[in-house]
Amino acid sequence: MTSGPMAGPVPTDETAREIDARSTDLSGVPANPTAAVAMGDIGGTFWRRFVFRRPLAALILKRLGLSVGLLFAVSLMISGGIEALPGDFATTYLGQSATPQAVENIRRDLGLDRPWSERYLSWLGGAVTGDFGTSWASKQSVSEQIGKRLGNSLFLAFFAALVSVPLAVGLGMVAVQFRNRMPDKIINVISLAAISLPEFFVGYLLIMVFAVEWGVATFPATVYDGMAFTDRLSAIALPVATLVLVVLAHMMRMTRAAILNVMSSAYVETAELKGLSTFRIIARHAAPNAVAPVINVVALNLAYLVVGVVVVEVVFVYPGMGQYMVDAVTVRDMPVVQACGLIFAAFYIFLNMAADILAILANPRLRHPR
Amino acid sequence: MNVKSIPISAWVGIAGIAIAILCAAFAPFLAPFGEREIVGEIWMPAGGEFLLGTDNLGRDLLSRLIYGARTTILVALAATVLSFALGMVLSFAAAVMGGFVDQLFSRFNDLMMAIPTLIFALVVLAVLPQHLWILILVMAVLDSTRVFRIGRAVALDVAVMEFVEAARLRGEGSIWIIFREILPNTLSPLLAEFGLRFAFSILFLSTLSFLGLGIQPPAADWGGMVKDNKDGIIFGISAALVPGAAIAMLAICVNLVVDWLMKRTSSLKGGRGDA
């Protein structure tokens with residue numbers, strides 16, 4: 001997708017910049033803009049006709065391509081960065097007192113004696129087909145572990161999103177409606193405080209109150225195969241609450257800012273001057289225009305949620321991806337760290353992409369950039 | 001700036017930061033016991049000789065909290081200052097030179113920002129040996145991506161304003177323009193950004209220490225203290241919550257001040273995201 005359709009781009013400034021941006025990501029050198037314009041002038045290529053007929057689909061395809069390119073660059077960076085940084089794994093792994101022979105053996109075992117490019121290509125090839133190799137520490141298949149744990153993490157994130165999104169948008173609307181009055185100020189101060197709370201503090205506070213003092217929730221949040229759905233739900237109640245509290249304030253503040261941005265526009269002022277009620281202005285004039293930024297906010301915060309999961313899982317001893325990664329980092333189990341890093345980055349990148357695409361879909365003006 | 005125009009919330013923030021800095025500066029005089037001194041039973045309740053109780057090894061929690069302020073604030077501050085220096089130099093260079101350099105820096109910055117900060121830090125810290133300066137450097141580099149973005153936007157924004165143009169036409173030199181025209185007009189948003197990054201650094205450092213990848217024991221640091229005492233939670237021992245609350249308080253205070261600074265400069269919008 002990144003190479004094929006790019007053969008004949010449209011010679012507008014925007015596409016030129018897009019292409020430039022992408023090829024820099026991929027290869028480190030900017031594309032030759034004159035060549036792009038020349039090819040565009042010839043015209044008639046498949047991609048050019050496609051852009052003309054289906055501008056929206058073309059835009060989305062382009063954004064998709066950018067994300068794939070970005071992900072590729074990230075994989076290169078994770079792998080190359082690890083290689084470029086000092087520190088020999090075999091020595092770290094065996095300790096300082098290891099004999100050179102033992103170090104040599106383990107290097108050969110782990111395949112570290114092969115050149116980097118070869119290892120990267122085989123790793124990437126495996127990653128694309130869903131095979132992340134075997135863990136150095138446990139000698140188990142990384143993909144198998146991730147398969148189990150990814151589901152758990154997504155389960156957690158899904159319910160956190162389910163609770164936090166409507167709540168955040170609702171509270172954001174309330175804050176806008178009572179802008180600069182008491183409810184808004186209270187929401188503002190509380191959300192400011194909530195932003196500053198570290199995830200683990202919120203988590204332990206909730207454990208202390210609900211699990212230890214009142215005994216209404218379970219800790220640690222253990223889930224296992226074949227657990228009943230309702231048991232599972234009650235096990236993840238506290239982790240979900242923690243995630244919601246952490247992400248809610250961000251999302252609400254950004255929602256408030258997005259809506260206020262719309263509210264300060266000329267047509268809302270006109271509506272105010274016409275004497276319409278505040279509610280009507282919000283519902284009929286501001287909301288349709290605020291949908292795009294709000295969707296954007298939600299998607300961005302879901303991306304944040306994916307990362308917030310790491311700390312929350314460690315706090316609640318929840319068997320998910322985040323805990324797997326942190327454990328692997330402490331014992332320097334590189335295949336696991338690489339795989340988890342790539343998967344977290346992939347979720348982050350694609351949620352950001354979803355934010356962009358949804359914004360384009362919801363706001364036609366973004367389809368025709370200057 | 002009028003002292004009376006500072007809102008109460010900002011005063012609260014300033015007071016909180018001042019207390020934390022005093023604790024950090026005069027830790028040996030304020031702390032009743034030593035940082036690594038074992039003075040009692042493990043997890044003794046608060047009150048009596050030990051104001052906040054003792055920790056998982058029988059060390060005085062209050063003393064460790066005061067010494068921890070030193071480590072936490074110092075490391076977070078060092079990382080923030082470094083990230084600012086790095087981000088500002090690179091962003092101004094990008095804005096001034098433009099063209100290929102700007103493209104290269106900006107695209108690389110985009111790439112760095114495409115990876116979640118915590119995940120990036122985990123991957124990098126998994127490889128690097130555990131030293132304090134490496135930790136500070138990693139935090140600074142990861143944070144400088146945000147500073148770069150803001151710095152570049154601000155520099156491009158202000159450099160084309162009329163008063164800069166006017167100063168140029170008056171025949172002022174570039175040093176005058178940077179220090180007397182651009183800097184005073186960018187100071188407020190940059191100061192707000194500095195506060196924001198500092199608050200984020202505190203939280204980030206605490207998170208890393210909590211995960212066991214930040215500051216290594218036996219040095220006291222707030223995130224690490226939460227980690228040390230977390231096993232007590234299940235027995236109803238709140239020792240882990242005390243350093244957690246200290247982190248939260250400091251971050252809230254910084255944010256209160258930042259919020260006020262932001263409101264003063266709402267015309268220049270800064271990004272608040274920090275995932």
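Visitor: What is the relative accessibility of Arg152(B), and how does it count?
Guide: Arg152(B) has 23% relative accessibility and counts as partly exposed. Buried stands for under 20% relative accessible area, exposed for over 50%, and partly exposed for values in between (1.4 Å probe, protein chains only).

Visitor: What kind of model is this?
Guide: This is a predicted model, in which local features need pLDDT of at least 70 and side-chain atom pairs count only at pLDDT 80 or more, while totals for chains, interfaces and linings use all residues. Residues are numbered from 1 along each chain as its sequence is written, chains are lettered from A and ligands numbered from 1 in the order in which they are written, and side-chain values use heavy atoms, with hydrogens and water left out.

Visitor: Back to Arg152(B): with which residue does it form a salt bridge?
Guide: Its partner is Asp102(B), with 2.7 Å between the closest N and O atoms. The two are 50 residues apart, Arg152(B) in helix α6 (residues 132–159) and Asp102(B) in helix α4 (residues 99–113) of chain B. Helices here are DSSP runs (H or I, at least four residues), as strands are (E, at least two), numbered from the N terminus. A salt bridge requires a side-chain nitrogen of Lys or Arg within 4 Å of a carboxyl oxygen of Asp or Glu.

Visitor: Why is Asp102(B) counted as buried?
Guide: Asp102(B) counts as buried because its relative accessibility is 13%.

Visitor: And how many salt bridges are there over all chains?
Guide: The count is 10. One of them joins Asp228(B) and Arg59(B), at 4.0 Å from N to O. Asp228(B) lies in helix α9 (residues 222–229) of chain B, and Arg59(B), 169 residues apart from it, lies in the loop between α2 (27–30) and α3 (61–97). Arg59(B) is buried at 6%, whereas Asp228(B) is partly exposed at 22%.

Visitor: Which residues are linked in a network of salt bridges?
Guide: Arg107(B), Asp110(B) and Arg149(B) are linked in this way. Within it, Arg149(B) and Asp110(B) have their closest N and O atoms 3.4 Å apart.

Visitor: New topic: which residues make the nonpolar surface patch?
Guide: Leu82(B), Leu86(B), Leu90(B), Trp133(B), Leu137(B) and Val141(B) make a patch of about 520 Å². Helices α3 and α6 of chain B each give two or more residues to it. Patch residues have over 30% relative accessible area and no salt bridge; nonpolar side chains (Val, Leu, Ile, Met, Phe, Trp, Tyr) are joined within 5 Å, and like charges within 9 Å. Areas come from the Shrake-Rupley method with a 1.4 Å probe; for residues, only the protein chains shown count as cover.

Visitor: Where is Val141(B)?
Guide: Val141(B) is in helix α6 of chain B, and it is partly exposed at 34% relative accessibility.
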